[in-house]
Structures are given as C-alpha cells and as structure tokens.
Amino acid sequence: MATSVQTAGTGNLGSIQNTIIGQMRYTAEHNMPVVGLIEKFTLGKGEKQLDIPKAGQVDAQDLVDGIDLTDSEDINASIVSATTSEVGLKFIITDKLARQFNQDVMAVVGRQAGDAMARKKDTDAIALFASFSNTMGADNHLMSLANTTATISKGKALKIGANPFMVHHPNAVFKLTQSLVTPLATYPLPDVFNKPPVKDFYTGVRIGGVPIFEDGNIQKSENDSGYGILATQGAMGYITSAGQNVERQRDASLRATEMVMTEDYGMFELDDSKGVRVQFDIPDLTTS
C-alpha cells in the first residue's frame with residue numbers, strides 16, 4: 001500500500017517537473033531582451049574563469065620610397081576575466097497539492113519560475129549599464145528625437161562598432177515617440193536582431209539605422225531618471241557554466257517534495273569602448 005501511494009505521488013510530481021521545466025525555459029528565453037543582445041560565452045568542464053584578450057588599436061604610416069620603415073607597433077593587449085556564480089529558487093510541493101493540482105495550475109508555477117529566472121538575468125545585465133565610462137543624456141531630461149539623434153550620432157563618432165542598438169525604459173521611449181514630428185512609422189528590424197529573445201521588445205523606431213528596444217526591468221536610479229544603453233554586441237558579455245537544472249528531494253515528514261532550480265552564469269562588461277550609458281527621465285505616465 002505504501003508503495004502504491006509513493007508510485008502515484010511520484011508520477012504526479014514527474015508531470016509537475018516536466019511542466020515547470022518547459023514553462024520556465026520558454027518564459028526565460030522570451031523575457032530577457034538585454035541578454036539576447038549581448039555576446040555569449042561558455043565555461044567548459046573544469047574551467048574556473050574565462051580570460052578574453054583584446055588587442056589595442058594601431059596606426060598605419062605613410063612611407064617614403066627608399067626610406068626604411070623603422071617604427072613598430074605595440075599589440076597592447078588587455079585581458080577581461082569572466083566567471084560565474086549560482087542563482088536559483090525553490091518550490092515546496094506537498095503531496096496533497098501534487099494530487100489535486102491540474103496541468104493549468106502547474107503551468108502557472110512554471111511561468112513564475114521562468115519569469116523569476118529571466119528577470120534576474122535581465123536585471124544583472126542592466127546593472128552593467130551604469131559602469132560604462134561615457135554617459136549621454138542627463139537627469140531631468142526627457143527622451144526626445146533631438147537628444148536621441150544626438151546621442152546616436154555621438155556614439156557613432158566614438159566608434160562603438162557595427163550594428164549598434166539602444167535600450168531604454170518603455171516610459172522613456174514613449175516620450176521619444178511623442179516628440180516625433182511625423183506619424184510614427186514602423187521600420188523592419190535588421191536581420192542581426194531579428195530573433196525570438198529580442199524581437200518582441202523592438203519598438204518599431206529606428207534612428208540613424210539604430211533600432212530602439214524597450215525593457216521594463218530598467219529601474220529609476222536618480223529622481224525619475226534611469227540608465228539605458230547605446231551599444232554593440234561586444235560591449236557586454238553573458239557567460240554560463242551550467243544551464244538550468246532542476247532537482248527534486250523528498251521530505252517524508254513534511255509529506256512534500258522540494259524542487260530546486262539553479263543556474264550558474266555571470267554578466268560582465270566586455271569592452272568599455274563599445275557602449276555608452278544613456279540617462280533619461282522615466283516619468284510615470286497618465287492614461288486619462
């Protein structure tokens with residue numbers, strides 16, 4: 001009899017696990033716009049950190065016929081080191097809940113887990129924005145066509161690289177669209193960005209060829225303002241050591257099963273010259 005009850009409970013919990021994992025992975029993959037825009041790396045088995053070399057810039061010289069080329073250039077290499085740390089969450093599912101919950105309820109639990117993991121990764125990536133040396137925009141200034149165009153132009157003048165993008169809070173982007181003198185036209189997303197993790201967050205606005213994305217996870221940092229980013233893929237990095245993992249542990253006295261979800265990853269600034277932090281106000285909007 002005890003064996004029979006355990007088998008039934010195990011079957012229910014197995015279904016719950018599959019549902020949660022499926023929902024978690026699907027939700028996480030579709031709710032991390034910044035993570036989808038930056039460069040990805042992987043730590044192999046037995047590796048503690050990843051050292052990423054960067055070669056400096058060199059200059060070519062004019063030559064004169066018959067005159068020896070005497071100057072040499074320095075590679076001027078620098079190293080960025082990246083490592084990972086564990087992130088996770090836990091559910092406690094009692095036997096009674098496992099017996100009585102239906103598939104729809106467990107899908108909600110899986111959705112919660114996916115949202116939590118995605119939000120954690122995305123906010124970790126957003127936290128990198130404030131660390132970039134170059135700042136454009138300012139506190140107490142709304143995002144507008146004029147200052148956004150100037151920001152993009154100055155970023156290009158700084159040679160941040162090919163295929164730049166901009167990310168800011170939806171409220172800031174709304175003020176940008178309000179400032180457009182002509183009706184808002186939706187421009188197609190460049191192929192390099194046209195992928196599931198990011199395309200749903202594209203605003204339809206492109207200025208100077210730069211697509212603008214919105215991310216509601218950006219927080220107010222000073223008064224009503226917050227930091228977005230103008231960058232290229234090589235500005236920030238996302239490194240993983242172990243993908244999403246789910247483990248179950250039975251607690252007989254509690255008559256429940258613990259389900260622990262973990263992931264080992266890290267976010268880091270890869271190249272300060274490839275990104276510019278962009279500060280604009282994120283005002284609360286009225287809908288009346």
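Which residues does glycine 226 touch, not counting residues up to four places away in sequence? I looked this up first.

**Ground rules.** I am reading a predicted model, where local features need pLDDT of at least 70, side-chain atom pairs count only at pLDDT 80 or more, and totals for chains, interfaces and linings use all residues. Residues are numbered from 1 along each chain as its sequence is written, and side-chain values use heavy atoms, with hydrogens and water left out.

**Glycine 226.** I found contacts (heavy atoms within 4.5 Å) from glycine 226 to His168, Gln219, Lys220, Ser221, Val278, Gln279, Phe280 and Ile282. This glycine sits in strand 9, residues 225–231. Strands (E, at least two residues) and helices (H or I, at least four) are DSSP runs, numbered from the N terminus. Glycine 226 has a relative accessible area of 0%, and buried means under 20% (1.4 Å probe, protein chains only). I also noted that its C-alpha atom is 6.2 Å from that of aspartate 281, 55 residues apart along the chain.

**Helix 6.** In residues 170–179, I marked Asn171, Ala172, Val173 and Leu176 as buried. Their cover includes helix 5 (145–157) and strand 12 (275–281).

I traced four strands in the order 1-10-11-4, with mixed pairing; two strands pair if DSSP finds at least two bridges between them. Strand 1 (39–42) and strand 4 (85–94) are at the edges with a single partner strand each, so one side of each has no neighbour in the sheet. Strands 10 (236–251) and 11 (256–269) run antiparallel, joined by 13 bridges. Isoleucine 239 has glycine 266 in strand 11 as its bridge partner.

Note on methods
Buried < 20%, exposed > 50% of the residue type's maximum accessible area, 1.4 Å probe, protein only.
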